[in-house]
Amino acid sequence: MKKYTFTEKKDTRSGFGAGMQVLGQTNPNVVALCADLIGSLKLDAFIKENPERFFQTGIAEANMICIAAGLTIGGKIPFATTFANFGTGRVYDQIRQSVAYSNKNVKIACSHAGLTLGEDGATHQILEDLGMMKMLPGMTVINPCDYNQTKAATIAVAEHEGPVYLRFGRPVVPIFTAPDQEFIIGKAWMVNEGADVSIFATGHLVWEAILAGEILAEKGIDAEIINIHTIKPLDEEAVLASVRKTGCAVSAEEHQIAGGLGDSIAQVLIKKHLAPLEYVGVEDSFGESGTPAQLMEKYGLNAASIVEKALKAIARKQA
Amino acid sequence: MVITELQKVASQVRRDIVRQVHACQSGHPGGSLGCADLLVGLYFDQMTLKADDAGNKVFDMDGIGEDLFFLSNGHISPVFYSVLARAGYFPAAELATFRKLNSRLQGHPTTHEHLEGIRIASGSLGQGMSVAIGAAQAKKLNKDNSLVFVLMGDGEQNEGQVWEAAMYAPHHKVDNLVAVIDYNGQQIDGPTDKVMNNRDLGAKYAAFGWNVMKMNGNDMADVVKVLAEARAFSGNGQPTMILMTTEMGAGVDFMMGSHKWHGVAPNDEQLAAALAQLPETLGDY
């Protein structure tokens with residue numbers, strides 16, 4: 001098992017803010033909108049340096065999404081920002097008609113996705129956003145795993161022509177990917193090569209997958225860990241190449257099992273290479289209030305859960 | 001263009017509307033007929049639009065340096081398609097494909113089929129004014145002094161998002177925006193007063209900080225005059241809202257005065273009766 005260490009923890013949303021600051025300095029067409037959550041989205045630096053390129057919409061997300069669509073007409077690259085619950089589920093029809101169907105170059109960039117939002121509880125903990133967004137034709141869906149990857153992804157999506165959903169979060173998590181990395185949309189990252197089981201992880205579950213890999217290694221199991229930061233378009237080649245080698249897989253995501261990354265992987269395996277697949281995700285349930293760590297444990301979204309599912313997948317392969 | 005010439009164009013547009021809807025036996029003739037004069041007044045007189053040296057219209061998505069129009073109440077697509085075709089964005093013959101399989105003229109306007117003149121999909125109501133605000137703010141960032149127009153329905157004012165946009169535009173001084181409400185007093189389930197009373201829309205928009213104007217949308221001279229006044233007012237720190245009184249079905253006597261023709265197609269006999277009231281001025285497609 002390849003050794004991953006970290007010296008610092010930061011929130012992925014701060015990676016977004018850092019990426020926006022870079023874009024503010026390098027791409028004059030980038031503009032930002034926010035629905036009364038500037039501090040939460042870490043937009044302060046972008047706004048301070050580019051006040052004329054920031055649009056405060058107030059608590060009016062539907063209006064924000066459609067204004068962003070309008071701003072693309074004239075060549076702007078708008079980042080529409082709020083919490084993931086309000087930036088996807090609340091405004092699904094606006095995204096569907098004015099952004100996706102109209103093929104507008106809008107970047108919907110949302111923080112506080114999933115259970116790790118914590119104490120605010122289930123009203124704010126959206127666990128369906130990846131599924132809703134990936135169902136929209138033409139939508140690119142990205143869920144980076146740490147500060148550095150989120151910063152790189154933010155810069156990369158501005159260069160990509162077309163609608164994007166960029167999802168990140170609130171808690172501080174280890175920084176274990178390279179600073180100033182190249183982020184290639186749709187290209188999976190090989191975290192650790194292995195032979196016994198493929199673990200496909202996204203977002204906050206990537207670090208947990210690394211911890212799981214270390215526990216599995218102690219048990220003599222050689223896990224392959226792949227970071228799927230781009231849920232759509234899915235790197236099918238990476239999925240197939242890995243499962244052809246290992247013969248079984250685990251998906252890990254901070255999302256409902258229904259409609260998430262695991263379902264996308266399942267479609268690939270069913271069509272092209274049948275193999276056991278176990279899911280780490282929320283099982284048809286809303287979240288609740290608690291600390292992020294408590295919630296991730298209670299809902300089975302941690303290293304222990306990944307280990308358990310990996311052992312199960314291997315057992316099914318051997319059965 | 002002189003008023004009588006604009007009226008001739010509007011007559012042809014109205015023929016196009018009823019013929020499109022009749023041919024596919026679906027679509028929305030009532031609101032389309034009511035808004036024919038406005039769209040003709042915009043595209044044939046009041047809007048500054050890009051054209052090549054030969055006078056042919058040139059379309060690009062960004063529309064920098066020209067006025068833009070957004071149709072928020074997308075169900076009146078027949079009038080939009082006819083006016084775009086007659087203005088020269090695509091051949092009028094294509095109107096025959098309206099709402100048919102493999103057509104660029106979808107039931108509601110879309111950019112998906114790359115139809116020249118369309119910049120956003122509309123149909124799900126309440127979104128167009130927000131889009132127009134965004135386009136207007138992009139113009140400001142681009143130091144582009146042209147205007148953005150948007151048309152909404154009065155039934156559409158039921159949508160909450162309209163009021164998010166109504167609050168935003170004056171706050172951000174989007175004064176290169178001219179919005180128009182088709183104030184025909186009708187929506188699908190009946191008169192707006194009965195379905196969901198808008199009460200005094202003018203007072204509402206004024207309270208939100210808009211410059212509110214009135215227009216008789218079926219009087220071409222008034223259409224052109226009020227649009228020119230709205231342009232003259234632009235740049236003064238306030239967006240403009242025009243309450244445009246129209247008659248649903250205007251131009252076809254038996255389609256007027258009720259919501260019945262909101263989304264109903266005429267049969268062969270009714271088509272003939274309608275066309276008899278609308279002189280063919282530019283040649284049928």
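1. In this predicted model, the axes of helix 5 (residues 128-141) and helix 6 (residues 160-171) of chain B come within 8 Å and cross at roughly 30 degrees. Because angles under 35 degrees count as roughly parallel, helix 5 of chain B is described as roughly parallel to helix 6 of chain B. The contact is made by M129(B), S130(B) and I133(B) from helix 5 of chain B, which meet Q161(B), V162(B), A165(B), Y168(B) and A169(B) from helix 6 of chain B. By class, this contact of the two helices has six nonpolar and two polar residues, and no charged ones.

2. Turning to the two chains together, 22 residues of chain A are in contact with 28 residues of chain B. On the side of chain A that touches chain B, the elements giving two or more residues are helix 4 (61-72) and helix 6 (92-101) of chain A, and helix 4 of chain A gives the most, with eight residues. The residues on this side of chain A divide into ten nonpolar, ten polar and two charged.

3. H112(B) is placed in the loop between helix 4 (77-87) and helix 5 of chain B, and it touches Y101(A) and A121(B), leaving aside residues up to four places away in sequence. With 16 C-beta neighbours inside 10 Å, H112(B) counts as partly exposed. H112(A) lies in the loop between strand 5 (107-111) and helix 7 (129-134) of chain A, and H112(A) is buried, since 27 other C-beta atoms lie within 10 Å. The phi of H112(A) is near 60 degrees, a positive value in a residue other than glycine.

4. D36(A), in the loop between strand 2 (30-34) and helix 2 (38-41) of chain A, has a phi near 65 degrees, which is a positive value in a residue other than glycine; D36(A) is partly exposed, with 15 other C-beta atoms within 10 Å. A cis peptide bond, with omega about 0 degrees, joins K232(A) and P233(A), and P233(A) is found in the loop between strand 12 (230-232) and helix 10 (236-246) of chain A.

5. Is helix 8 (residues 147-159) of chain A buried or exposed? Twelve of its 13 residues are buried, so helix 8 of chain A is largely enclosed by the rest of the structure; among the buried residues are Y147(A), K151(A), I155(A) and V157(A). The length of helix 8 of chain A also agrees with expectation, because at 1.5 Å a residue its 13 residues should span 18 Å and its end C-alpha atoms are 19 Å apart.

6. For helix 9 (residues 205-218) of chain A, the 14 residues should span 20 Å at 1.5 Å a residue, and the end C-alpha atoms are 20 Å apart, which agrees. Its buried residues include L205(A), W207(A), E208(A), I210(A) and L216(A). Just after helix 9 of chain A, G220(A) takes a positive phi of about 85 degrees.

7. As for annotation, an unreviewed UniProt entry assigns "domain: Transketolase-like pyrimidine-binding" to residues 10-175 of chain A. Over residues 10-175 of chain A, the chain is 42% helix and 19% strand, and the end C-alpha atoms are 7 Å apart.

Notes:
Residues are numbered from 1 along each chain as its sequence is written. Chains are lettered from A and ligands numbered from 1 in the order in which they are written. This is a predicted model: local features need pLDDT of at least 70, side-chain atom pairs count only at pLDDT 80 or more; totals for chains, interfaces and linings use all residues. Helices (H or I, at least four residues) and strands (E, at least two) are DSSP runs, numbered from the N terminus. The expected span of a helix is 1.5 Å times one less than its number of residues. A residue is buried if 20 or more other C-beta atoms lie within 10 Å of its own, exposed if 12 or fewer, and partly exposed in between; C-beta atoms are placed from the backbone. Axes are lines fitted to C-alpha atoms, for helices over the stretch in contact, and angles run from 0 to 180 degrees between N-to-C directions. Angles under 35 degrees count as roughly parallel, over 145 as roughly antiparallel, 65 to 115 as roughly perpendicular and the rest as oblique. Two residues are in contact if their C-beta atoms, placed from the backbone, lie within 7 Å. Ala, Val, Leu, Ile, Met, Phe, Trp, Tyr, Cys and Pro count as nonpolar, Asp, Glu, Lys and Arg as charged, and the others, Gly among them, as polar. UniProt positions are given in the numbering used here, feature names are shortened, and annotations may be inferred rather than shown by experiment.
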